Amino acid sequence: MSSSSSSSSSSQPKPLRIGIIGFGPFAQFLAKTMMKQGHFIRVTSRSDYSELCTNLGILFFRDMGAFLESDNEVIMISTSILSLSRVVESIPFHCLKRPTLFVDVLSVKEHPKDVLLRIMPEECDLLCTHPMFGPESGKDGWTDLTFMYDMVRIRDQPLCSSFLHIFSSEGCKMLEMTCQEHDRLAAQSQFLTHTIGRILSEMEVEPTPIDTKGFQKLVQVKESSVKDSFDLFSGLFIHNRFARQQMKNLEVALEKTKEKLQERSKELQDPVISKF
Ligand code: NAP
């Protein structure tokens, strides 16, 4: 694993032609900064985003074949985790005009790595990434936000570096890490955060007039978790093999905490809380 923090660089690489597959909230968020940097964006997606794209000055392709023929240097995949296999299997690769750098930005990493290595043509380079931020946390800029990446199959190093420069030049903390290590750590951190947020939402936790700072943070966790789609949350569980263990750890920890409280109440022989 290696890490480096880059400030805005003065040497700006040439603008890239970047195609995006899947134009949901996260891709729209990334596209804005890519366009600000002068890159040319083309989009295809399951839903019709032609009006939004026209307003943003982006070319939208209903047809995946025509999208591939539009000669992108980089194709960024930003579909939901759950739909990745189906989407990638449906790509008509024979329409590609050139060996292309495929980049995924999914919030799990071993799954897209496996799918891309299995399905992508051998001549295409593969970069698996996870920007560890989203439309909420990155709304005021990307400085010091972490960008994880794994150069799974890279032969065109300058092209890969130009793509990474999009993030390093915004001040992201660039972190090279294997997909496996990412998933192990993300299960302990991101998946746990989303799970707690979803539990708080099930409990219908709301702000009160006497909120402590700690409770305000809990409400924030709830609110930011439910802003992401349930598909995203499900994907974090279904396609990260380390998440199942975290779910078990959470259940065990809740039981242990309850047991400790029961023991203490027995010690004190408090009739009010001696039974749950
Ligand atoms: P998402 O709900 O995870 O994914 C929405 C995208 O998936 C849309 O482009 C949608 O297409 C597409 N999609 C869903 N089901 C599909 C299907 N059956 N067939 C084809 N396409 C399908 O929401 P998101 O927040 O935009 O996330 C996109 C990706 O970025 C995910 O893999 C997520 O893990 C990753 N990511 C998200 C964040 C974040 O903060 N949100 C941060 C880092 C990484 P249409 O819109 O055309 O229907």
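What follows is a set of questions and answers on this predicted model.

Q: What makes up the chain, in secondary structure and in overall extent?
A: The secondary structure comes to 10 helices and nine strands. Along the principal axes, the C-alpha atoms fill a box of roughly 75 × 40 × 40 Å. Of the 276 residues, 46% count as buried. Among contacts between residues at least 6 apart in sequence, 71% join residues at least 24 apart.

Q: Why is H194 called buried?
A: Buried means under 20% relative accessible area. H194 has 9% relative accessibility, so it counts as buried. The residue is found in helix α7, which covers residues 179-202. Leaving aside neighbours within four places in sequence, H194 is in contact with S225, D228, L232, F233 and L236.

Q: Why does T146 count as buried?
A: The cut-off is again under 20%. T146 has a relative accessible area of 18%, and therefore it is buried. T146 is found in strand β8, residues 146-153. Its contacts, with neighbours within four places in sequence left aside, are H130, P131, M132, F133, K173 and L175.

Q: How do you know whether D63 is buried, partly exposed or exposed?
A: Buried is under 20%, exposed is over 50%, and partly exposed lies in between. D63 has 47% relative accessibility, so it counts as partly exposed. D63 lies in the loop between β4 (59-61) and α3 (64-69). Its C-alpha atom is separated by 30 Å from that of Q157, and the two residues are 94 apart along the chain.

Q: And what makes E204 exposed?
A: Exposed means over 50%. At 63% relative accessibility, E204 therefore counts as exposed. E204 lies in the loop between α7 and α8.

Q: Why are α7 and α8 called roughly perpendicular?
A: Angles of 65 to 115 degrees count as roughly perpendicular. α7 and α8 pack at an angle of about 100°, with their axes 8 Å apart. The two helices are therefore roughly perpendicular to each other. On the α7 side, the contact is made by T193, H194, G197, R198, L200 and S201, and on the α8 side by L218, V221, K222, S225 and V226. These residues divide into four nonpolar, five polar and two charged.

Q: How do you know that the buried residues of α8 are on the same side?
A: The buried residues are V219, K222 and S225. They cover an arc of only 130° around the axis, so they are on the same side of α8. On the other side of α8, K213, K217, Q220 and K227 are exposed. The buried residues of α8 pack against α7.

Q: Why are α9 and α10 also described as roughly perpendicular?
A: Helix α9 (residues 230-238) and helix α10 (residues 243-268) pack at an angle of about 95°, with their axes 7 Å apart. That angle falls within 65 to 115 degrees, and α9 and α10 are therefore roughly perpendicular to each other. L236, F237 and I238 of α9 make the contact with A243, R244 and M247 of α10. These residues divide into five nonpolar, no polar and one charged.

Q: What span does α10 have, which of its residues are buried, and what covers them?
A: With 26 residues, α10 reaches 38 Å from its first C-alpha to its last, close to the 38 Å expected at 1.5 Å a residue. Its buried residues are A243, Q246 and S265, and what covers them includes α7 and α9. Just after α10, Q269 takes a positive phi of about 50°.

Technical notes: Residues are numbered from 1 along each chain as its sequence is written. This is a predicted model: local features need pLDDT of at least 70, side-chain atom pairs count only at pLDDT 80 or more; totals for chains, interfaces and linings use all residues. Side-chain values use heavy atoms; hydrogens and water are left out. Helices (H or I, at least four residues) and strands (E, at least two) are DSSP runs, numbered from the N terminus. Buried means under 20% relative accessible area, exposed over 50%, partly exposed in between (1.4 Å probe, protein chains only). Contact means heavy atoms within 4.5 Å. The arc is that of the directions from the helix axis to the C-beta atoms. Axes are lines fitted to C-alpha atoms, for helices over the stretch in contact, and angles run from 0 to 180 degrees between N-to-C directions. Angles under 35 degrees count as roughly parallel, over 145 as roughly antiparallel, 65 to 115 as roughly perpendicular and the rest as oblique. Ala, Val, Leu, Ile, Met, Phe, Trp, Tyr, Cys and Pro count as nonpolar, Asp, Glu, Lys and Arg as charged, and the others, Gly among them, as polar. The expected span of a helix is 1.5 Å times one less than its number of residues.
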